[in-house]
Amino acid sequence: MEHSEVILEFQQVDKRFDDQAVLTQLSFSLSAGMVVGLLGQNGAGKSTLMRAALGILEIDAGNITTLGETATDLSIDAKAKIGYVPQQPFGYEGFTIASALELHSSFYPQWDKALETDWLARFGLDSKQQVQKLSVGQRQSLALIMAMAYRPQLLILDEPVASLDPIVRRQFMGDLFELALESGSAVLFSSHITSDLERVASHVALLKQGELVLFKEIDALREEVVLVQLADNQDLPEGLTVLNRNQQQVLVDNADQIDIAGVVNTTSLNLEQLFMELHR
Amino acid sequence: MLELIKVNPSSGEPIYRQLHEQIVRLIVGGQLQVDQVLPSVRQLAEHLAVNPMTVSRAIQQLVEQGWLERRRGQPTRVANKQDAPTTTSLQLLESQANDLITKAKQLGICLDDLKSLMEQQWDK
């Protein structure tokens with residue numbers, strides 16, 4: 001599958017809140033068909049990055065290009081091709097699900113009514129119900145329908161599935177693939193549920209204190225990033241990308257390319273272990 | 001055959017390699033016969049709840065290595081054994097054997113002791 005068309009691009013982006021750097025020299029891009037899992041501790045800058053991509057937030061330096069336009073200056077046409085589910089629940093208080101969807105869909109020319117009906121049934125939502133009476137999980141489901149029923153070219157999800165049950169989460173992941181692969185969209189998806197990211201993501205972006213420490217295809221990540229235990233007093237060779245180090249235990253990126261002397265053992269890591277090792 | 005395949009996304013091993021290994025195992029073990037049709041990439045991905053690109057990568061590799069064949073406009077099938085690479089059942093256990101040997105060495109167990117442990121367990 002070709003990853004040709006760039007849908008979202010960050011170029012050396014800096015963002016500060018007062019004196020605090022939130023994003024530092026951030027560069028990466030999403031192309032059609034990519035599902036990028038965004039991983040990082042609370043406060044690492046994930047939501048800031050997403051909001052900046054949508055132009056909700058101004059950046060201090062660098063460029064963000066969203067669907068070929070400057071993020072802070074998006075046309076109505078571009079906005080109608082973007083889907084976003086924020087962390088916080090949204091409005092539509094006082095609406096029934098049906099009337100909320102009717103109003104919401106009127107902003108999107110590409111809205112697919114059949115898809116809406118399917119997903120309402122799938123999530124077990126009753127369209128006559130009042131939005132303010134929904135549980136957190138039901139609100140998340142509704143927010144997902146609102147962000148996805150027009151098959152957006154760019155979908156940005158800020159921890160959207162934490163309150164969904166595992167069965168619905170799996171079905172939802174199937175929808176994400178369909179969107180990415182069949183509609184040629186790009187998805188940026190943050191979650192603390194690493195096992196979900198492992199299934200869903202084609203790529204993983206890892207943020208640590210506002211810096212992008214890793215951005216790789218998920219399979220490459222498992223092959224190239226390993227934890228190496230070195231013999232005592234053994235020095236590291238030149239040219240190795242060290243992500244973290246605790247005495248003789250070293251997390252390295254390109255271990256497959258360089259011969260390391262004095263290795264006691266090498267461990268490959270799943271995403272959760274990698275995350276823990278990176279933050280030790 | 002869907003029920004014969006399982007992946008563990010949280011193991012450190014890439015999902016496409018897990019899939020690759022399991023399908024080879026099923027072919028060598030005879031659970032998958034020559035000419036048997038495989039589920040589509042989409043069905044596999046849906047069943048396993050993993051990214052279809054990952055499944056597609058595993059299938060592609062198996063086709064390149066001659067385990068599977070794909071003719072134009074037809075579903076993917078198990079290739080004729082004559083064209084398949086000569087992997088023996090023993091080779092399929094190599095990586096597990098390596099894991100076991102590494103652990104044995106860490107515990108300071110010698111080869112003879114490991115062998116006798118195997119013999120002991122074998123007859124159980």
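Tutor: Start with chain B, which is divided into domain 1 (2-84) and domain 2 (93-124). Those bounds come from an automatic or database domain assignment. This is a predicted model, where local features need pLDDT of at least 70, side-chain atom pairs count only at pLDDT 80 or more, and totals for chains, interfaces and linings use all residues. Residues are numbered from 1 along each chain as written, chains are lettered from A and ligands numbered from 1 in the order written, and side-chain values use heavy atoms, without hydrogens and water.

Student: What separates the centres of domain 1 and domain 2 of chain B?

Tutor: 30 Å, with the centres taken over C-alpha atoms.

Student: Cores next. How many residues has the largest nonpolar core?

Tutor: It has 56 residues. A nonpolar core here is a set of buried Ala, Val, Leu, Ile, Met, Phe, Trp, Tyr and Cys residues joined through side-chain atoms within 4.5 Å. Buried means under 20% relative accessible area, exposed over 50%, partly exposed in between (1.4 Å probe, protein chains only). L157(A), L176(A), V187(A), F189(A), V200(A) and L274(A) have the most contacts inside this core.

Student: And where does this core lie?

Tutor: Between domain 1 (6-218) and domain 2 (225-278) of chain A, because both give residues to it.

Student: Which residues does L176(A) contact, leaving aside neighbours within four places in sequence?

Tutor: M148(A), L155(A), L157(A), V187(A), F189(A) and V200(A). Contact means heavy atoms within 4.5 Å.

Student: Which element gives the most to the lining of the largest cavity?

Tutor: α8(A), with three residues. Helices are DSSP runs (H or I, at least four residues) and strands likewise (E, at least two), numbered from the N terminus. Lining residues include E198(A), I218(A), R222(A) and L274(A).

Student: Last one. Is Q209(A) buried or exposed?

Tutor: Exposed, with a relative accessible area of 67%. Q209(A) is in the loop between β9 (203-208) and β10 (211-217) of chain A. Leaving aside neighbours within four places in sequence, Q209(A) contacts V22(A) and A44(A).

Terms used:
1 Å grid on protein atoms, 1.4 Å probe; cavity = no way out; pocket = protein on both sides within 12 Å on 5 of 7 lines; lining within 4 Å.
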